[in-house]
Amino acid sequence: MTLQDNFGRRFSYLRLSVTDVCNFRCNYCLPDGYQCSEKEQPLTLEEIHQVATLFARNGTRKIRITGGEPSVRRDLPDIIRTVANIPGIEEVALTTNGWKLPQFLPEWIDAGLTQLNVSIDSLDPRQFAAITGHDRLQDLLQGLALAKSLSFDRIKVNAVLMKEHNGDQLPRFLEWLRTTPVTLRFIELMQTGDNGGFFDRNHISGESIRTDLLNDGWEPVLRKAHDGPAQEFWHPDYAGRIGLIMPYSKDFCSSCNRLRISSLGKLHLCLFGEQGYDLRPYLQAGSLTQAENFLIECLTDKKATHFLHEGKSGATAHFAQIGG
Ligand code: SAM
Ligand code: SF4
């Protein structure tokens, strides 16, 4: 049985955060860098195994490992291998800022990685450094070249659109896509607890991009039954595809197909929701049946939509906390 909510949405996709630590300082996420505080440790490998088993038993087929920056965990290859070996899990994806891609990609693939999302908010090295706090664009591009040389082609590139910081980059991204066979997903900047003023100055609606793409001959990719909220487009003259993630668009939540677990083992029903439902006591007690009952009960609380349009971004201060 696949997990289902009161609105008939089914959840076969889990975003699993394995740390909230990050080594970048993206201006929209952690502008002052990661702030270390005395607190609980992230999920252990054993707890990750239990979470993934719990969800797999309830119909999850794809798990995305995220963070913070997941590659700051030395045991990331073990995490990937653990998740990939759980019966029922067909896809193990990773979202990363890419800083360790050239060093570790072969190991991650060997461990069972099937899909990779790399965040590249600008193709201009100086702009990239200004956004992330690190002059690492060349490393990331080298990582993508390595992926190509290893014939690993399940790659998506995420770019958050920001009026004042990369609003001029669309033509450059498009030019890049002519010859680069990746899916480039433009993500609308989302408001979180910490980035209110930044959001007001920088939010760009994906709708105008969508209109321009359609006018320029880009075609919507046919959607399959359980596709998530991203809209994808292809063009015969381009090697790459474009995806648009527009959380402020009408009906965005109706295709929600994902649940989230934070690095501390809290279930989040929505990126913009509550403080989270604590699964960890059940994991630590080793009781998967109790965890399962708790999970199914929590799911009845999932709301039809987020409340972003009312300016309510929920309890999430920044996405490094919950994995985006
Ligand atoms: N550190 C990894 C990375 O940056 O890819 C994984 C975690 S990050 C929180 C996951 C995704 O969320 C990234 O693509 C990032 O650009 C995106 N993100 C973070 N804050 C955001 C915001 N306020 N609005 C839109 N996307 C955001
Ligand atoms: Fe770190 Fe990712 Fe947030 Fe950037 S978006 S600060 S890389 S967690």
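Which handedness does the crossing of α2 and α3 have? The crossing of α2 and α3 is right-handed. The legends below describe close-up views of a predicted model.

**View 1. Packing of helix α2 against helix α3 in the predicted model.** Helix α2 spans residues 76-84 and packs against α3 at an angle of about 20°, with 8 Å between the two axes. Angles under 35 degrees count as roughly parallel, and α2 is therefore roughly parallel to α3. On the α2 side, the residues in contact are L76, P77, I80, R81 and A84, and they meet E107, W108, D110 and A111 of α3. By class, this contact comprises six nonpolar residues, three charged residues and no polar ones.

**View 2. Packing of helix α3 against helix α5.** Helix α3 covers residues 101-111 and helix α5 covers residues 137-149. Their axes are 9 Å apart and form an angle of about 30°. The two helices, α3 and α5, are therefore roughly parallel to each other. The crossing in which α3 passes α5 is right-handed. From α3, the residues L101, P102, L105 and P106 take part; from α5, their partners are D139, L140, Q142, G143, L144, L146 and A147. The contact of α3 with α5 contains eight nonpolar, two polar and one charged residues.

**View 3. Packing of helix α1 against helix α11.** Two packed helices are described by the angle between their axes and the distance between the axes. For α1 (residues 45-57) and α11 (residues 288-299), the angle is about 60° and the axes lie 10 Å apart. Helices α1 and α11 are therefore oblique to each other. Their crossing is right-handed. Residues Q50, T53, L54, F55 and R57 of α1 are in contact with L288, T289, A291, E292 and L295 of α11. Sorted by class, the contact of α1 with α11 has five nonpolar, three polar and two charged residues.

**View 4. The aromatic pair of W218 and Y238.** A pair of aromatic rings is described by the distance of the centres and the angle of the planes. The count of aromatic pairs in the model comes to seven. In the pair of W218 and Y238, the ring centres are 4.6 Å apart and the planes stand at 40°, so the pair is tilted. This pair links distant parts of the chain, as W218 and Y238 are 20 residues apart. W218 belongs to the loop between α9 (206-215) and β9 (219-220), whereas Y238 belongs to the loop between β10 (231-234) and β11 (241-245).

**View 5. The residues around ligand 2.** The shell around ligand 2 includes the cysteines C22, C26 and C29.

How values were computed: Residues numbered from 1 in each chain as written. Chains lettered and ligands numbered in written order. Predicted model: local features only at pLDDT ≥ 70, side-chain atom pairs only at ≥ 80, totals over all residues. Heavy atoms only, no water. Near = heavy atom within 4 Å. Axes fitted to C-alpha atoms, helices over the stretch in contact; angles between N-to-C directions. Helix = DSSP H or I, 4+ residues; strand = E, 2+ residues; numbered from the N terminus. Parallel < 35°, antiparallel > 145°, perpendicular 65-115°, else oblique. Left-handed = near helix turned anticlockwise from the far one by under 90°. Contact = heavy atoms within 4.5 Å. Nonpolar A, V, L, I, M, F, W, Y, C, P; charged D, E, K, R; others polar. Phe/Tyr/Trp six-rings, centres within 6.5 Å; stacked < 30°, edge-to-face > 60°.
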